[in-house]
Amino acid sequence: MQQSWIELASFLRNQSTRTAITSTGKVFVTVSGLEGSGLALTLNDSENLNVNSNGEVFFDTLIAQGATYAVVVKTQPTNPTQSCSVSGGTGTLVSGDIKSIVVNCSTTRYTLGGSISGLLGTGLVLTNNGTDTLSLSSDGSFAFTTTYNVGATYSVVVTTSPIHPTQTCSVTNGSGSFTSANNISNLSISCTTTGRAIRVNVSGIASGNLTLSNNNSDSLTVTSNGSFVFPTDVAIGSGYSVTVTSSPSSHVCALSSATGTISTSDATVTVNCFSLLAQTPANFSVLNTNQSIVFRFSAAVTNTSCTFGTGNLTTGGTASFSVSTTNLTNDTLTLSTSTTWNPASVSHTFTCTSAAGNSLASGSIAVRYTIPSSTKYVSTASGSDANPGTAASPYATIQYAIGAMNPCGTPPCVILVEDGTYETTTNITVYNNVSLYGGYTPGTSFATRNSSARQTIIQKSTPTDCGGALFSGPNPCPTLRIDPAVTNATYVDGFKIIGATDSNETVAVSVITGKVILSNNTLQGGTGNKAAGLFLSNFGGSNTSDTTMGAILSNTITGGSCTPVSCETYGVFYFSSTGGLFPFLQSNTITGGTCSSLSCKSYGFYLVTASSPDLTLIRYNTINGGTLSSSLSGSESVGLHINNNSVAGKIYGNSISAGTAETSVGVSLGVAMGSFALGDNSLKSGNTVYGGVGGLFSYGVRMPAGGSVFSNSIHGGNVTSSSSATTRGIYSASGVVSINNNRIYGGNATATGSSASFSYGLDISSPSATSIVDGNHISAGNSRNNGTSNSFTFGAYFNSVSSSLNIYNNMIDGGTCSLANSTYTCRSLGLALNQNTFATNIFYNTIYSGVAEDISIPLYFLGTSSQNANVQNNILYTEVGASTRHCLLHDGLTEATNLTSLKGNVFYGCPTLVKYPSTTADNICSGGVVSDGACGTSSISTISTLNVYVDPRQSVTTTTYSMKFRNYSSSSPCTATRILNTLGSPAYDIFNAARPGSVTGISAGAIEYDGTCQ
């Protein structure tokens, strides 16, 4: 019994000891938000615990059951400075470990900011340390939204400068560190204005896209009325010139205040697109005596918006206008008569304004109608020539109806023709005052007309009257013939007329002297020794305002086909032996025909004359050469061909393109052109010209004996050949050239065989005295050799210059050459002159060498006899990727006279500035003298002064044909924009802005720049 008690006592003692040992606990702490260093916690003022990271930590001291504990922060963290607080830090241990203590740390953060002044534009963005951004839109104080710790560094820069207006903003106190527990508020941003916006106010658009261009480089497209701004501002002191690139469908848009020089405020251009969108009946149609005329406009009108102008639309009663809604509220105006209109061949004008007070952008409305006094009807489906020719009982043939009405007793007489095919074996002759209108829908009693379908077909499948017919007669075999006595009171409208197939020379329609209005037809040449859609002889008025002239309007004309070797086919063939005529052809689509024989040719519009017609009224046409095989030997496709030196006038507003052939030519001027010009230099209005697709050669413009080319957009075409491939923007073989204000692209040449490839922006040989190339944007295209030969590009190439030549204010680019086989040579040249022996003036050009793998040269004088060039105030810079780069290379052996002057030029990107056969200059010495590294005296240094070597830092804009337009900006160096070498001529730049401008000095290159510079 005693032993049992002893064992029990021992057991209880052991149990008591175990309870004492296990009734202690550790103190754990969970830390969050800790960023700095140096945090120290203490437990019961006895144990310190250093904490370096977030998470769970613990003290080593054990707390006994029933004992108290207290955890507090002994030392707060720094770097950054933080404030840490303890939650649940005191208590009494009941059992187990203590895990309910939390330490939360928070950082005291500070702001970074300052003040901004002078901000006028939008889009300013500041960036701190490359990551934190802040957009600002007004003057005053600012602060970044991000806050920063003490010790943080900052570096604030302008990453996006303001635009509209363009400003340069500088940062003061922009970098440093938060060294104390305070906000940074001493940043200072100061903005100065360097450019102003070009704003446009647009009205009168009903629907569609309006595209505007400023300075031929900056584009703006709008789809509604309102106020808009061009993407790129214009530097203060520089010029602007806004033009309409394309108008919304059926709209005409007119500009006000479109040109000027930027001063201290934005420029505002007004664009008025208030237009007549539709007219029923359409012009050159029949207007029945009791029929109303409906005008639909692009904006609201009132019943007093239109007033009668001059003309012969009269009524026996009262004419009145009424307003209605078609697409837009009050957009339609209907002109009605209380009785009937008086019969006449009507030509009348109306002056109209919108409800908002805007005049028509086109100036006025001109209506042209035939109000018949007598009408006959023709139907091939239901008619008979035994019928009386009424709507209920029509004739069957057109020629019978004409015979029944000719002569017209009381004009005008009208023949209405239903759709269908009308065969004839001899030509149908149209006589004076007897008009033909096709397009009437069968089965509608001539009440419905769809003239645009052109399903009223006249054709001569089996001709019996073509013997001996010759264009040179001039007497081709026509399907429809206009009598010489026809006046412009006679219309042919709404037909498809097809030429005959015959071994002679055939045409769809011939007009010899007659003054017909030929409108809204399809004229399709037949097949013959020669073939044309339209033959014109001695056609035209006596001046541009002759109210009696005939007109070729809104037709689709194609040339048919020819078969013999060296045969020719024409969309339009024009011949004149009467001097001083003004042929009127507008808004037509004209295309040359086809052929497949050796050396055959297809012309869209072909003119040969023994007189002196004026071509000013040939406007707004689309003129194309035909599509032949590019491998057809000797073949040519030509858009417009003029083959007489007595031609006068200025053609503009047309789209002219070659088709496809071994040689393709957009515009071909066969001889010296005298007073004729392709484009209008005073209006700065030209044509769009494309060189087509050639098998060996393509030309935008080809001139064997010089000519005047103004304000056109010219593409040299495309050639892919297993032989040599050559494309040219403009080519002239000799004579006086005047090439001004054009955009000229050399085209794309690809050779795949053993011959070289070439692309020329300009290729001018033997220019005569007084030749000038001024204010153009010129670029070679792309020359690619995929075969086993070389590749060459020339921005502008002049050969055998032996008389005065001025090259002013051009932006010239050497294009891009490339090779598949690097063993051959790839060479790009900006401006090249071969055998230049006369004093050529090369002033104010921006000349870029282009892109080449091997040789890249902005200005190159080829030929050992070259000399006497005067080179001043140009920018010459090279493509850095080429292995051989000279800014100016001269092959002339008479080095003392190679150049007469080398002044005020900007060189950049070329290891060698100027290289002669035995003299090299690679340094700019005191006074801007170009010399060697030792600044020695040489044939180069003695004629040079005021030159600089500096990056012009020009902004580059991609324009039409992916051409690069280079302009100065506020980051450009003053050493390039303020050259102290003022020349007496020219006194203008590429945009016709004055030289010098409003500041001291003058800008090198094509553009005069008076804005902020560095």
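Ser 962 sits in the loop between strand S95 (955-958) and strand S96 (964-967). In this predicted model, Ser 962 has a positive phi of about 60° although it is not a glycine. With a relative accessibility of 55%, Ser 962 counts as exposed, since the cut-off for exposed is over 50%. The points below go from the whole protein to its sheets, its aromatic rings and a few details of the backbone.

**Whole protein**

- The protein contains three helices and 96 strands.
- Its radius of gyration is 41 Å, well over the 31 Å that the globule rule gives for 1014 residues, so the protein is more spread out than a compact globule.
- The C-alpha trace spans about 160 × 85 × 60 Å along the principal axes of the protein.
- Of the 1014 residues, 54% are buried.
- The accessible surface comes to about 37200 Å², and carbon and sulfur atoms account for 49% of that surface.
- Among contacts between residues at least 6 apart in sequence, 72% join residues at least 24 apart.

**A sheet of four strands**

- Four strands make an open sheet with mixed pairing, in the order S20-S17-S25-S23.
- Strand S20 (226-229) and strand S23 (254-256) are at the edges with a single partner strand each, so one side of each has no neighbour in the sheet.
- From one strand to the next, the twist averages 25°.
- S23 and strand S25 (residues 267-272) run antiparallel and are joined by three bridges.
- Leu 255 is the residue that stands opposite Val 271 in S25.

**A sheet of 10 strands**

- An open sheet with parallel pairing is formed by 10 strands, in the order S59-S62-S65-S69-S73-S77-S81-S84-S87-S93.
- Its edges are strand S59 (650-651) and strand S93 (944-945); each has a single partner strand, so one side of each is left without a neighbour in the sheet.
- Inside this order, strand S81 (residues 841-843) and strand S84 (residues 869-872) run parallel and are joined by three bridges.
- Asn 841 stands opposite Asn 870 in S84.

- Strand S75 (residues 782-785) has Ser 783 and Asn 785 on a covered face, and Asn 782 and Arg 784 on an uncovered one.
- Strand S71 (residues 748-751) runs parallel to S75, and four bridges join the two.
- Four bridges also join S75 to strand S79 (residues 816-819), again in parallel.
- Ser 783 of S75 stands opposite Ala 749 and opposite Cys 817 in S79.

**Aromatic rings**

- The whole structure holds 35 aromatic pairs.
- One of them is formed by Tyr 148 and Phe 178, whose ring centres are 5.5 Å apart and whose planes are at 20°, so the pair is stacked; the cut-off for stacked is under 30 degrees.
- Tyr 148 lies in the loop between strand S12 (140-143) and strand S13 (153-160), and Phe 178 in the loop between strand S15 (175-177) and strand S16 (184-196), so the pair ties together parts that are 30 residues apart in sequence.
- Tyr 148 is buried, at 7% relative accessible area, and Phe 178 is buried as well, at 1%.
- The rings of Phe 573 and Tyr 606 have centres 5.4 Å apart and planes at 20°, so this pair is stacked too.
- Phe 573 belongs to strand S51 (residues 568-576) and Tyr 606 to strand S55 (residues 601-609), so the pair links distant parts of the chain, 33 residues apart.
- Phe 573 is buried, with a relative accessible area of 5%, and Tyr 606 counts as buried at 10%.
- One aromatic cluster consists of Phe 274, Phe 295, Phe 297, Phe 308, Phe 321 and Phe 350.

**Backbone details**

- The peptide bond from Pro 411 to Pro 412 is cis, with omega near 0°.
- Pro 412 is in the loop between helix H2 (398-405) and strand S35 (413-418).
- A cis peptide bond, with omega near 0°, also leads from Ser 985 to Pro 986.
- Pro 986 is in the segment after helix H3 (974-977).
- Ser 587 is a residue other than glycine with a positive phi, near 60°.
- Ser 587 is in the loop between strand S52 (585-586) and strand S53 (589-591), and counts as partly exposed at 41% relative accessibility.

Conventions. Residues are numbered from 1 along each chain as its sequence is written. This is a predicted model: local features need pLDDT of at least 70, side-chain atom pairs count only at pLDDT 80 or more; totals for chains, interfaces and linings use all residues. Side-chain values use heavy atoms; hydrogens and water are left out. Two strands pair if DSSP finds at least two bridges between them. Axes are lines fitted to C-alpha atoms, for helices over the stretch in contact, and angles run from 0 to 180 degrees between N-to-C directions. Buried means under 20% relative accessible area, exposed over 50%, partly exposed in between (1.4 Å probe, protein chains only). The radius of gyration is taken over C-alpha atoms; the globule rule is 2.2 Å times the number of residues to the power 0.38. Contact means heavy atoms within 4.5 Å. Accessible areas come from the Shrake-Rupley method with a 1.4 Å probe; for residues, only the protein chains shown count as cover. Rings of Phe, Tyr and Trp (its six-membered ring) pair if their centres lie within 6.5 Å; planes under 30 degrees apart count as stacked, over 60 as edge-to-face and the rest as tilted.
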